[in-house]
Amino acid sequence: MLGPVDIAVLVAFLASAIGIGLVAGGKTKTLDAYLLGDRDLPWWVILGSIVATETSAATVLSVPGESFGAAGMRFLQLPLGYMLGRLAIVRFLLPLYFRGELNTAHEVLRDRFGPAVQRAAALLFLVARTLGDGLRLFLAALVFHKLSGLPLAWSVVVSGVVTIVYTVLGGLRSVVWNDCLQLVIYLLGGIVAVFVIVARIPGGWPAARDFATAGDKLRVFDFSVDPSDPYTFWAGLVGGAVLSLGAHGTDHMMVQRYLSARGQRDAARALVTSGVVVFLQFALFLGIGVLLAAFHTLGGEAAPARPDEVFATFIVRHFPANTGRIGLLLAAILAAAMSTIASSLNASASSMIHDLWLPLRAVAGRTAPLSAARALALTRWLTVAFGVVQLAVGIAAARVDATVVSRALTVAGYSAGLLLGVFTLGVATRRVGEAAALVGAAVGLAALLTVQFVLPPQGIKIAWPWYALVGATATIVAGMAAAAVFPRRTDG
C-alpha cells in the first residue's frame with residue numbers, strides 16, 4: 001500500500017502535469033496553436049513525445065513479462081524493424097505531409113482519392129484510438145487499484161481525469177511537454193526497479209548474469225521461419241518495419257507531431273532518433289523481465305500465473321513502502337498511460353474537427369468560417385467528449401474477461417495495416433480511385449479478422465507482428481483488383 005511519502009510523490013507528479021497544462025494554455029489562442037503548437041515545436045521535444053506516446057502502460061507492464069517467459073531478449077528484433085520503418089517514412093511519407101499546410105494525415109487521402117476515403121480513414125482512426133486507449137487506461141488503473149486500494153472504477157477515473165484536464169487546458173503544447181516529463185519519469189522508474197530487483201536476488205548481479213546466460217535469456221537473434229512465433233528475425237525486421245510504417249507513418253496521432261515541427265528536416269530528425277531511444281527503452285524493460293525471472297527462480301518465490309502480471313506483482317509485494325519508490329513506480333506506470341491517452345485525445349479532436357466536422361459543415365452549406373474562439377472552444381469540448389468515452393471504455397473493461405481485452409487491443413491495432421494499404425494505393429498508383437480504395441480497405445479488414453479469429457481454430461496461427469503486413473497487402477491487392485471494376489474518375 002502507499003505510504004505518505006509515496007502519496008506525496010504521486011501527487012507532485014499529477015500536479016506538475018496540470019501545471020504544465022496551465023502554462024501551455026496561456027500560449028494557446030488559436031486552433032493551430034491548440035492542435036499543432038503553432039508548428040513551432042523543437043525537434044527534441046517532438047522526439048520525447050513520439051517515444052512517450054508509443055509507450056503505454058501495457059508496454060511498461062507487459063514487455064517485462066515477455067522476457068520473463070520464453071522470449072527473453074529476442075523481443076529486441078522488433079525495434080530493429082521499427083527503425084527500418086521509420087527510415088521508410090522519412091523517405092516516402094514525410095514529403096507528403098509537408099506539401100502545403102495540412103492539418104491531419106487523412107487530408108492526404110482527401111487530396112488523392114476524395115472526401116469519402118478521408119472520412120472513412122478518420123472514422124477508423126477514431127474508433128481504433130478510442131477503443132485501444134480506453135483499454136490501455138484500464139490496464140494502468142489495475143496497478144493503481146492494487147497499490148492505492150481505491151475501487152477499480154475510481155482508479156480509472158483518477159488516471160483519466162488528470163489527463164483530460166491538462167490536455168484540454170494546453171492542447172498539443174501541454175501534451176508534448178508532459179510527454180517529455182513522463183518519459184523521464186517512467187525511464188527513471190525502470191532504472192530504480194532494476195536496482196530494487198537485483199537487491200532481492202540471492203547472489204546479486206553475478207547470480208543474475210549466470211542465470212540469464214545459462215537460460216539463454218540474453219540471445220537476441222532467432223532466424224527461424226515459424227510464422228506463429230512473434231520473436232523471429234523475420235517477424236521483427238519485416239513485420240516490425242511494416243507495423244512501424246503504418247503506426248508512425250499513417251496514424252494521425254504520430255503525424256500530428258511531425259506537422260507541429262518547424263520543418264520536414266526537424267520532423268525527420270525527431271522520428272529517426274526516436275527509434276534509437278525506443279530500442280534502448282525496450283532493452284531496459286526486457287532486462288527487468290530477465291531479472292524478475294532470476295529473482296523467482298533463484299529466490300524460490302512462486303511467480304504469478306500470467307507473465308504480464310509479474311512486474312506489477314513484484315512492485316506490490318517487494319518495493320519498500322513509504323520511501324517514495326512505490327510512488328515513483330506508480331507515477332511511471334501512470335506516466336506511460338497518460339502520455340498515450342493525452343496524445344490520443346488531442347489527435348482525436350484534431351481529426352474530428354478537420355476531417356469530419358468542418359468538411360460536413362461545408363457540405364451542409366454553412367460556408368461562413370468559424371471564429372477562432374468558437375473553433376477553439378468546440379475542439380476543447382470534443383477533447384472532453386473523447387476523454388469521457390475512453391473513461392467509459394476503461395470502466396467497462398473491468399467487467400470483461402482478460403482474453404477479450406487482449407483481443408480487443410489487437411483489433412484496435414488493425415488500423416495501422418489498413419491505413420498503410422490505402423496510403424500505398426494513393427502514393428504508388430494513379431489508377432485506383434475512391435471506390436476501389438474503400439473496397440480494398442474492406443477486404444483488408446476481412447483478411448485481418450480471418451487471421452485472428454478464423455484460422456487459429458483450424459490450427460493455423462499467424463503471429464501479431466505480421467498483422468500489419470497482412471492488412472496492408474490485402475488492402476493493396478484488393479484495391480488494385482477493384483480498380484478494374486471501379487475505374488478512377490478522371491475528374492477526381
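Is Tyr 186 buried or exposed? Tyr 186 is buried, with a relative accessible area of 0%. The close-ups below are taken from a predicted model.

**View 1. Tyr 186 and Phe 285, a tilted aromatic pair.** The model holds 14 aromatic pairs. In the pair shown, the ring centres of Tyr 186 and Phe 285 are 6.4 Å apart, with 45° between the planes. Tyr 186 belongs to helix H8 (residues 152-200) and Phe 285 to helix H12 (residues 264-299), so the pair links distant parts of the chain, 99 residues apart. Phe 285 is buried, with a relative accessible area of 3%.

**View 2. Phe 195 and Trp 205, an edge-to-face pair.** Here the centres are 6.2 Å apart and the planes make an angle of 80°. Phe 195 lies in helix H8 and Trp 205 in helix H9 (residues 204-214), so the pair ties together parts that are 10 residues apart in sequence. Phe 195 counts as exposed at 52% relative accessibility, while Trp 205 is partly exposed at 45%.

**View 3. Residues of the nonpolar cores.** The largest nonpolar core has 144 residues. Leu 10, Phe 13, Tyr 97, Phe 311 and Phe 319 have the most contacts inside this core. Phe 13 touches residues including Gln 182, Ile 185, Ala 331 and Met 338. A second, separate core has 5 residues, among them Tyr 414, Leu 418, Val 451 and Tyr 467.

**View 4. Thr 340 in helix H14 (residues 325-363).** Thr 340 counts as buried because its relative accessibility is 4%, under the 20% cut-off. The Thr 340 side chain reaches two backbone oxygens: that of Thr 55 at 3.3 Å and that of Ala 336 at 3.4 Å. Leaving aside residues up to four places away in sequence, Thr 340 touches Ala 52, Thr 53, Thr 55, Ser 56, Asp 133, Arg 136 and Met 253.

**View 5. Leu 126 in helix H7 (residues 115-148).** Leu 126 counts as buried, at 6% relative accessibility. Among the residues it touches are Ser 348, Met 352 and Phe 386. The C-alpha atoms of Leu 126 and Ala 412 are 10.0 Å apart in space, although 286 residues separate the two in sequence.

How values were computed
Residues are numbered from 1 along each chain as its sequence is written. This is a predicted model: local features need pLDDT of at least 70, side-chain atom pairs count only at pLDDT 80 or more; totals for chains, interfaces and linings use all residues. Side-chain values use heavy atoms; hydrogens and water are left out. Helices (H or I, at least four residues) and strands (E, at least two) are DSSP runs, numbered from the N terminus. Buried means under 20% relative accessible area, exposed over 50%, partly exposed in between (1.4 Å probe, protein chains only). Contact means heavy atoms within 4.5 Å. A nonpolar core is a set of buried Ala, Val, Leu, Ile, Met, Phe, Trp, Tyr and Cys residues joined through side-chain atoms within 4.5 Å. A polar contact is a pair of N or O atoms within 3.5 Å; within protein, one must be able to donate a hydrogen and the other to accept it, and residues adjacent in sequence count only if both atoms are side-chain atoms. Rings of Phe, Tyr and Trp (its six-membered ring) pair if their centres lie within 6.5 Å; planes under 30 degrees apart count as stacked, over 60 as edge-to-face and the rest as tilted.
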